[in-house]
Amino acid sequence: MRDSIGGVFNLTFIAVFMLVVSGYLAFSVSYNKAFKVKNRIISILEQNEGYNSEAKSQILDYMKAIGYNADTPVVDKSEKWNCPADVPGMCIKWTQVQDKDTGLPKGYYSVKTAVYIDVPVFNKFLPFMTFFQTQGDTMTINGTND
């Protein structure tokens, strides 16, 4: 009788260990994907010198190619984040800085992407897992008189 109880304990321990390891692997893959998407969005914004229709289509194409399908990140509405409904999984924010030498506007974009974990067990018991996100900034983008 003692051996059967010890066997059940060992099997439970192994099952919990496998669940923790697989959850960690799922999180690390999702975090890596969100990090790649954030870096690519920053690169696209810098190449197109802002968030315009060309940049938006390139971002959507990249998200489809990599298989990134996350929900919109959790953002503070007082900080003026723009979370486009047709580009899920990312939010952008423009921060403008006046150039003292030329007087022309310049600034940078901040990009935030969500880490999406679609593990049914975790989503059922831990629905608050939406706070994992990555954030980065572009280099300074110079404006024109227009």
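A nonpolar core is here a set of buried Ala, Val, Leu, Ile, Met, Phe, Trp, Tyr and Cys residues joined through side-chain atoms within 4.5 Å, where buried means under 20% relative accessible area with a 1.4 Å probe, protein chains only. The model is predicted, so that local features need pLDDT of at least 70 and side-chain atom pairs count only at pLDDT 80 or more, while totals for chains, interfaces and linings use all residues. Residues are numbered from 1 along each chain as its sequence is written, and side-chain values use heavy atoms, with hydrogens and water left out.

**Exercise 1.** Determine which residues of the largest nonpolar core touch the most other members, and which elements supply this core.

*Solution.* Begin with the core of 20 residues, in which Ile-41, Leu-45, Ile-59, Met-63, Tyr-68, Met-90 and Val-111 touch the most other members. Next, assign elements, taken as DSSP runs numbered from the N terminus (helices: H or I, at least four residues; strands: E, at least two): helix H1 (2–47), helix H2 (53–66), strand S1 (90–98) and strand S2 (105–114) each give two or more residues. The largest share, 6 residues, comes from H1. Finally, Met-63 touches Val-37, Ile-41, Tyr-68, Val-87, Pro-88 and Met-90, if residues up to four places away in sequence are not counted.

Conventions. Buried < 20%, exposed > 50% of the residue type's maximum accessible area, 1.4 Å probe, protein only. Contact = heavy atoms within 4.5 Å.
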